Amino acid sequence: MMQKAWFYVAATSFFELVWIFGFNTASEWWHWIPIVAFILVDFHFLTKACAALPTGTVYAIFAAIGTIGTALMDVLFFGQTLSGGKLFFIAVLVAGVIGLKLADGRDEKTQTEGGN
């Protein structure tokens with residue numbers, strides 16, 4: 001069950017990047033139809049992930065991958081630059097997500113051992 005939940009996290013993160021890419025490239029009204037479909041699929045997987053994992057962890061990973069992926073997408077597909085400041089704050093974001101996951105793991109271990 002836990003591995004399936006992490007699949008949902010990966011899926012929601014992937015589909016988030018797809019619809020964000022669509023926001024940058026849509027130029028006709030009908031381009032928004034698949035974008036809305038990807039958003040709905042994305043939120044479906046986000047909901048499934050939150051049902052099995054701590055919501056704070058899921059959302060932190062979702063937001064971090066969206067932020068990092070968007071920054072990298074800007075560089076790779078849209079000709080933007082990746083400055084030292086952007087790299088620094090991406091590193092801070094990654095450290096925050098790792099810290100949040102470690103804190104959740106500690107909380108889960110405490111709860112399974114019967115303490116609060």
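**Figure 1. Tryptophan 6 in helix 1 of the predicted model.** Tryptophan 6 is partly exposed, with a relative accessible area of 30%. The residue is found in helix 1 of a model that is predicted. Leaving out residues up to four places away in sequence, tryptophan 6 touches Leu53, Thr57, Ile61 and Lys101. Tryptophan 6 and alanine 49 are separated by 43 residues in sequence, yet their C-alpha atoms are 7.0 Å apart in space.

Figure 2. Threonine 57 is placed in helix 3. Is this residue, threonine 57, buried or exposed? Threonine 57 has a relative accessibility of 3%, and therefore counts as buried, since the cut-off for a buried residue is under 20%. Apart from neighbours within four places in sequence, threonine 57 is in contact with Trp6, Leu100, Lys101 and Asp104.

**Figure 3. Helix 3 from end to end.** Helix 3 comprises 24 residues. From its first C-alpha to its last, helix 3 reaches 32 Å, which is close to the 34 Å expected at 1.5 Å a residue. The buried residues of helix 3 include Thr57, Val58, Ala60, Ile61 and Phe62. Further along helix 3, Ala64, Gly66, Ile68, Gly69, Ala71 and Met73 are also buried. An α-helix has 3.6 residues a turn, so residues three or four places apart point the same way. Just after helix 3, glycine 79 adopts a positive phi of about 70 degrees.

**Figure 4. The packing of helix 1 against helix 3.** Two packed helices are described by the angle between their axes and the distance between the axes. For helix 1 (residues 2–25) and helix 3 (residues 55–78), the angle is about 40 degrees and the axes are 9 Å apart. The two helices, helix 1 and helix 3, are therefore oblique to each other. Helix 1 passes helix 3 in a right-handed crossing. On the side of helix 1, the contact involves Trp6, Val9, Thr12, Ser13, Glu16, Leu17, Ile20, Phe21, Asn24 and Thr25. Helix 3 contributes Thr57, Val58, Ile61, Phe62, Ile65, Gly66, Gly69, Thr70, Met73, Asp74, Phe77 and Phe78. By class, the residues of this contact between helix 1 and helix 3 comprise twelve nonpolar, eight polar and two charged.

**Figure 5. The packing of helix 1 against helix 2.** The axes of helix 1 and helix 2 (residues 32–52) come within 8 Å and cross at roughly 155 degrees. This angle makes helix 1 roughly antiparallel to helix 2. The crossing of helix 1 and helix 2 is left-handed. Their contact is formed by 19 nonpolar, three polar and three charged residues.

**Figure 6. The packing of helix 2 against helix 3.** Helix 2 and helix 3 pack at an angle of about 145 degrees, and their axes are 9 Å apart. Which residues of helix 2 and helix 3 meet? Asp42, Leu46, Ala49 and Cys50 in helix 2 meet Thr55, Val58 and Phe62 in helix 3. The contact of helix 2 with helix 3 has five nonpolar residues, one polar and one charged.

**Figure 7. The protein as the setting for these views.** The protein has four helices and zero strands, and its elements run α-α-α-α from the N terminus on. Of its 116 residues, 28% count as buried. Among contacts in the protein between residues at least 6 apart in sequence, 70% join residues at least 24 apart.

Definitions and conventions
Residues numbered from 1 in each chain as written. Predicted model: local features only at pLDDT ≥ 70, side-chain atom pairs only at ≥ 80, totals over all residues. Heavy atoms only, no water. Axes fitted to C-alpha atoms, helices over the stretch in contact; angles between N-to-C directions. Parallel < 35°, antiparallel > 145°, perpendicular 65-115°, else oblique. Left-handed = near helix turned anticlockwise from the far one by under 90°. Contact = heavy atoms within 4.5 Å. Nonpolar A, V, L, I, M, F, W, Y, C, P; charged D, E, K, R; others polar. Expected span 1.5 Å × (residues − 1). Buried < 20%, exposed > 50% of the residue type's maximum accessible area, 1.4 Å probe, protein only.
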